[in-house]
Amino acid sequence: MTQSNGRQAAFLLLAIVLSATPAPGDVSRPAKTGANTEYDSREAEARMALDAVRARAGAGTLEAATAADALVVALRRNGRGWSRESRTLAEETLTVKQRSLDPEDRRLVPTLVNLGDVLIAHAEYTRAIGLLERAARLS
């Protein structure tokens, strides 16, 4: 893949992520009728799964990082990509995976996309694009 193609792929990936991420208050999101929306349920399930993996395998393990990726996705889909929790969790997950995996390992892709999307929610576009370009190169 040439540098130009990689950059185009990253921008395409960025566009897909942006279009798939609901903004807080977005009318396309289901209205919340309490704590039992589909998004809230998935977020709760992801939290329980992460807690269970951390208790069994440890917080700094690759297995826990994979479970944390699922929670970041749930937080993003629940309109919480802008939260401090999402950002901290996404950054910590990338740190664990980078420590555990080869720099060219494709298992980094979901984590790079998660953090890139969270950074977009924080209006940190330059860093987000860099992460998304790296994800595109590894894909």
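The crossing of H4 and H5 is left-handed (the near helix is turned anticlockwise from the far one by less than a right angle; clockwise would be right-handed). Altogether the protein has six helices and zero strands, where helices (H or I, at least four residues) and strands (E, at least two) are DSSP runs numbered from the N terminus. This is a predicted model in which local features need pLDDT of at least 70 and side-chain atom pairs count only at pLDDT 80 or more, while totals for chains, interfaces and linings use all residues. Residues are numbered from 1 along each chain as its sequence is written, and side-chain values use heavy atoms, with hydrogens and water left out.

**Overall layout**

- Read from the N terminus, the order of elements is α-α-α-α-α-α.
- Of the 139 residues, 40% count as buried (under 20% relative accessible area; exposed is over 50% and partly exposed in between, with a 1.4 Å probe and protein chains only).
- Take the contacts (heavy atoms within 4.5 Å) between residues at least 6 apart in sequence: 64% of them join residues at least 24 apart.

**H4 against H5**

- Helix H4 spans residues 84–100 and helix H5 spans residues 109–121; their axes come within 9 Å and cross at roughly 150°. Axes here are lines fitted to C-alpha atoms, for helices over the stretch in contact, with angles from 0 to 180 degrees between N-to-C directions.
- H4 and H5 are therefore roughly antiparallel (over 145 degrees; under 35 is roughly parallel, 65 to 115 roughly perpendicular and the rest oblique).
- On the H4 side, Ser86, Arg87, Ala90, Glu91, Thr93, Leu94 and Lys97 take part, and they meet Thr111, Leu112, Leu115, Val118 and Leu119 of H5.
- By class, this H4 and H5 contact holds six nonpolar, three polar and three charged residues. Nonpolar covers Ala, Val, Leu, Ile, Met, Phe, Trp, Tyr, Cys and Pro, charged covers Asp, Glu, Lys and Arg, and the others, Gly among them, are polar.

**H5 against H6**

- The axes of H5 and H6 are 8 Å apart, and the two helices pack at an angle of about 160°. That makes H5 roughly antiparallel to H6.
- H5 crosses H6 in a left-handed sense.
- H5 contributes Val109, Leu112, Val113, Leu115, Gly116, Leu119 and Ile120, while H6 contributes Tyr125, Arg127, Ala128, Leu131, Leu132, Arg134, Ala135 and Leu138.
- The residues of this H5 and H6 contact divide into 12 nonpolar, one polar and two charged.

**H3 against H5**

- H3 and H5 pack at about 35° with axes 10 Å apart, and this crossing is left-handed.
- Asp69, Val72, Val73 and Arg76 of H3 meet Pro110, Thr111, Asn114, Asp117 and Val118 of H5.
- The contact of H3 with H5 counts four nonpolar, two polar and three charged residues.

**The nonpolar core**

- The largest nonpolar core has 27 residues, and Leu89 and Leu112 are those with the most contacts inside it. Such a core is a set of buried Ala, Val, Leu, Ile, Met, Phe, Trp, Tyr and Cys residues joined through side-chain atoms within 4.5 Å.
- Two or more residues of this core come from each of helix H2 (38–57), helix H3 (62–77), H4, H5 and helix H6 (125–138).
- Leaving out residues up to four places away in sequence, Leu89 touches Leu50, Arg54, Ala68, Leu71, Val72 and Leu75.
- As background, nonpolar side chains tend to be buried together in soluble globular proteins.

**Residues to look up**

- Lys97 sits in helix H4 and is buried, because its relative accessible area is 3%. Beyond neighbours within four places in sequence, Lys97 is in contact with Leu62, Ala65, Thr66, Asp69, Arg107, Leu108 and Thr111.
- Leu108 lies in the loop between H4 and H5, and its relative accessibility of 0% is why Leu108 counts as buried. Not counting residues up to four places away in sequence, the residues Leu108 touches are Leu94, Lys97, Gln98, Leu101, Asp102, Pro103, Arg134 and Leu138.
- Leu108 and Ala135 are 27 residues apart in sequence, yet 7.4 Å apart in space from C-alpha to C-alpha.
- Tyr39 belongs to helix H2 and is partly exposed at a relative accessible area of 25%. From C-alpha to C-alpha, Tyr39 and Ala74 are 7.0 Å apart in space and 35 residues apart in sequence.
- Ala123 lies in the loop between H5 and H6 and has a positive phi of about 60° although it is not a glycine. Most residues other than glycine have a negative phi. With 48% relative accessibility, Ala123 counts as partly exposed.
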